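User: I would like to go through this protein and ask what stands behind each label. Please set the values against the cut-offs as you answer.
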Amino acid sequence: MTTADLDVRLEKHRVELTGYCYRMLGSSFEAEDAVQDTLVRAWRSYDKFEGRSSMRSWLYRIATNVCLDMLTAGNKRARPMDLTDSTPLAQAALTPRPDNTWLEPMPDNRVLPTPSDPAEAAVAKESVRLAFMAALQQLPPKQRAVLILREVLQWKASEVAELLDSTVPSVNSALQRARATLAERDGAAAEGAVSDPLDEEQQKLLERYVAAFEGYDMTALTALLHEDAVMTMPPFDLWLSGPEDITGFMTTLGAPCANSHLVPVEVNGLPGFAQYKPDPENGGYTPWAVQVLEISEGRIMGFHCFLDTKRWFPLFGLPLHLEADPDEAEQRA
């Protein structure tokens with residue numbers, strides 16, 4: 001096999017390997033680093049690959065070892081609500097934590113292959129949603145690998161045992177413990193109400209959300225929020241609960257977001273938007289957040305704003321400046 005042929009064969013697995021490493025690590029950038037390391041190791045050791053397993057299985061073995069090595073530091077990425085209690089609006093303070101604290105967002109097209117089976121596609125999307133990802137991060141690394149391989153990727157217990165140099169009883173035991181841990185976590189399947197693709201009611205909900213947010217109409221936004229809705233803003237550990245505190249924050253500390261422009265994105269198997277807020281210095285709009293929305297019972301249940309735009313917007317292929325629409329500018333003048 002020529003070098004070019006090998007490169008093509010390895011590259012075909014990049015998206016699914018990135019999805020696997022992302023579920024393991026909870027970090028967009030660490031996942032891409034892990035996959036690059038996996039492909040480099042595979043390329044260098046291909047002459048030792050004897051074909052006793054498929055290339056896919058061999059790559060997953062390498063990727064698993066890379067991820068387990070990266071997880072030896074014991075860091076568990078999390079959401080703000082996994083670390084602190086919600087803060088009343090009156091006590092709201094924006095306290096950042098280091099980047100490696102947080103579960104990170106990921107564009108769907110980097111982690112979700114396009115299977116022909118709609119049921120497989122739905123399972124894949126559910127397995128990268130924020131609540132499920134946060135639950136995964138609470139599992140010990142090997143249990144995490146077993147759960148992903150068995151439940152998400154539908155590997156046989158014998159295949160997982162071979163990959164991990166383990167036994168079928170050991171794999172089954174790890175899977176049972178992982179399932180029990182996830183069952184104890186409230187909200188691990190909270191976004192299950194999101195259809196794939198979005199149904200008509202959900203599409204209309206998003207249209208109303210865009211109109212309310214861009215118009216900064218807090219009355220309209222309140223009507224769209226579930227009574228138990230939460231708002232998070234990594235890298236800040238603050239999180240707010242309930243429409244009153246969320247809209248109260250938006251009209252006080254968040255007031256500069258008025259007149260923002262939202263661009264749809266596909267993120268973590270959920271509806272999302274790139275938020276651009278007005279740029280008073282240069283005109284037009286400047287990046288402010290990648291928003292990820294969780295929907296439940298016809299309302300918005302989670303409103304998660306990832307603010308490190310210098311990292312996120314290039315990852316999503318988004319420009320770092322938007323020109324103002326001439327008609328909009330004239331209307332606002």
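Analyst: Helices here are DSSP runs of at least four residues, and strands are runs of at least two, numbered from the N terminus. On that basis the protein has 16 helices and 6 strands. The model is a predicted one.

User: Why is the protein called as compact as a globular protein of that length?

Analyst: The globule rule gives 20 Å for 333 residues and the radius of gyration is 21 Å, close to that value, so the protein is as compact as a globular protein of that length. The C-alpha trace spans about 70 × 45 × 40 Å along the principal axes. Of the contacts between residues at least 6 apart in sequence, 66% join residues at least 24 apart.

User: How much of the protein is buried, and what share of the accessible surface belongs to carbon and sulfur atoms?

Analyst: Buried means under 20% relative accessible area. Residues of that kind make up 47% of the 333. The accessible surface comes to about 16000 Å², and carbon and sulfur atoms hold 50% of it.

User: What makes a set of residues a nonpolar core?

Analyst: The members must be buried residues of the nonpolar types, joined through side-chain atoms within 4.5 Å. The largest such core has 69 residues, and Y20, C21, M24, L59 and L147 have the most contacts inside it. Helix 4 (residues 55-70) supplies the largest share of this core, 9 residues. Another core, of 30 residues, lies apart from it and includes L221, L224, L240 and L307.

User: Which residues does M24 contact, leaving aside neighbours within four places in sequence?

Analyst: M24 is in contact with C67, L68, L71, Q137, P141, R144, A145 and I148.

User: Why is T232 called buried?

Analyst: The relative accessible area of T232 is 2%, and the cut-off is under 20%, so T232 counts as buried. T232 belongs to strand 1 (residues 225-233). Not counting residues up to four places away in sequence, T232 touches P80, M81, L238, W239, F303, H304 and C305.

User: Is Q202 buried or exposed, and what value decides that?

Analyst: Q202 has a relative accessible area of 7%. The limit is under 20%, so Q202 is buried. Q202 is placed in helix 12 (residues 200-214).

User: What makes D165 and N268 stand out in phi?

Analyst: D165 has a positive phi of about 55 degrees although it is not a glycine. N268, also a residue other than glycine, has a positive phi near 50 degrees. D165 lies in the loop between helix 10 (157-163) and helix 11 (168-184). N268 lies in the loop between strand 3 (261-267) and strand 4 (270-278).

User: Which of the two is buried, and which is exposed?

Analyst: Exposed means over 50% relative accessible area. D165 has 64%, so D165 is exposed. N268 is at 1%, so N268 counts as buried.

User: What kind of peptide bond joins P234 and P235?

Analyst: The bond is cis, with omega about 15 degrees. P235 lies in the loop between strand 1 and strand 2 (236-241).

Technical notes: Residues numbered from 1 in each chain as written. Predicted model: local features only at pLDDT ≥ 70, side-chain atom pairs only at ≥ 80, totals over all residues. Heavy atoms only, no water. Rg over C-alpha atoms; globule rule 2.2 N^0.38 Å. Buried < 20%, exposed > 50% of the residue type's maximum accessible area, 1.4 Å probe, protein only. Contact = heavy atoms within 4.5 Å. Areas by Shrake-Rupley, 256 points an atom, 1.4 Å probe, with all protein chains shown as cover.
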